[in-house]
Amino acid sequence: MSPDMAARALDVDLLARELGNWRTSSVSGPAYLGLADAIRLLIVDGRVPVGSRLPSERALAEALRVSRTTVTAAFAQLREDGYLNARRGARSTTALPVRPQVPAEAGTPTVNLAAAALAAPSTPVLEAFAEAAKDIPPYLQEPGHELMGVSALRAAIAERYCARGLPTDPSQIMVTSGAQHAIGLILATHTQPGDRVLVEQPTYHGALSAISTAGARAVPVALTEDGWELDAVHAALRQLAPSLAYLIPDNHNPTGFIMPAEDRKRLGQIISDTRTRTIVDESIIDMWMDEAPPEPLAAAVGRHDLVLTVGSMSKSFWGGLRVGWIRAERATLATIAAIRPSVDLGTSILEQLAAARLLATRDEVLPERRELIRARRQFLVSLLARELPDWQPGPGRGGMSLWIKLPAPMSTALAAAASRMGVDLPAGPRFGVDGTLERFVRLPYALPEPQLEEAVELLVRAWHSITGTVEPQQQALVV
């Protein structure tokens, strides 16, 4: 079979939906550049697989209701930039440049706003690994395949849940290689291709990717400007009867909302009444600003077998420590354990032992981490108020990022322009379903203040480049 026959062909209507409101990129430039930018972002974000065959120019032009000349010029630009490969007599296939593109302006460094995560607290992490190395000798006498996790870490995680008001036995914990891995295992166990999974809109883009990878279909329930609309959640669960729900009630990613205790009680009743198996993502549970979140949502659900709570060391301690977990009923974990060997044979023993040591230091380490993000959040909010006053940060007071409402639905255009200036910024539609959320963008405040200042400076330039306006500094020079 030739390479072109083996390549995946992209459905033209699906591609058109994924492109969203790409036309906003052409406010201050040709339409073909806006289309090229939007396709490039889909490739970079992984929403269009590398090596896929794009639809024909004619078919895409008809689906987007633009001239074929616009599509032809966009494809030509993508080929020039290294994002398309073309062969005579065959459709263009997506690609990544052999080397990263040099930012448009020489000397412009790359600023990463794609990851909302702090650097590690070096001393506690180094000490935890040193102690873990002393703890590991007994495990070296065994194969090292721990499907459920080492007992020391499972006990430490269970104790943490007990302290938060959710009685938990170590046998109710399965250790995974991060939260994303945990979500993938649950989806592999409890969904079939085509199944519906209820999600908030917006939500964590990694969960949306995992749902798509499992062959399931994310169905959204929109958050309001203040948080969850539980009547809408209840109606969606009754009408759609999804195989799973995926919810983030604590320091919601990306909005920062924290579900009040009273709403948790009602949501727990809704989950029980509709018998909906629910993933509760607590990956960012420790990153609160004002006061700790209420008791875990699982404590409010009468049907304990319905809730699978996912946690992680990544945001609390360090993203390089790939340790997460699932807290669920024993029978539920046994079902997941039965399919896990087809995915992996367990999590790194050394990292588990280090994680157990780190959890014992949480009362000393986490307050310092929260203080750090409080200061950086305030710094970013002040910068935006001064440099981009039309951008409206949402009211959420938890997590590690601001959910910004833009003055116009131009998130994809902004991400494309920022990329050309050396800023890695996910567009709003990455956090939603079917190309929506063009009026929003997520700005993490986990970076050190000098990098945040540099990022905002570049975002100001990117914003003015796509809106066709003049930067305030430049306006002051006009006489």
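**Domains, a helix pair and a sheet**

Author: This is a predicted model, and in it the C-alpha centres of domain 1 and domain 2 lie 37 Å apart. The domain assignment gives residues 12–94 for domain 1 and residues 122–363 for domain 2.

Reader: What makes α7 and α13 a packed pair, and how are they placed?

Author: Two packed helices are described by the angle between their axes and the distance between the axes. For α7 (residues 151–163) and α13 (residues 349–359) the angle is about 35° and the axes are 8 Å apart, and the crossing is left-handed. The contact, for which heavy atoms must lie within 4.5 Å, involves Ala 152, Leu 153, Ala 156, Ile 157 and Arg 160 of α7, together with Gln 352, Ala 355, Ala 356 and Leu 359 of α13.

Reader: How many residues of each class does the contact of α7 with α13 have?

Author: Seven are nonpolar, one is polar and one is charged. Arg counts as charged, and Arg 160 is among the contact residues of α7.

Reader: Why are β11 and β14 described as standing at the edges?

Author: The open sheet has three strands in the order β11-β12-β14, paired antiparallel. Because β11 (392–393) and β14 (440–444) each have a single partner strand, one side of each is left without a neighbour in the sheet.

Terms used
Residues are numbered from 1 along each chain as its sequence is written. This is a predicted model: local features need pLDDT of at least 70, side-chain atom pairs count only at pLDDT 80 or more; totals for chains, interfaces and linings use all residues. Side-chain values use heavy atoms; hydrogens and water are left out. Two strands pair if DSSP finds at least two bridges between them. Helices (H or I, at least four residues) and strands (E, at least two) are DSSP runs, numbered from the N terminus. Domain bounds come from an automatic or database domain assignment. Axes are lines fitted to C-alpha atoms, for helices over the stretch in contact, and angles run from 0 to 180 degrees between N-to-C directions. A crossing is left-handed if the near helix is turned anticlockwise from the far one by less than a right angle, and right-handed if clockwise.
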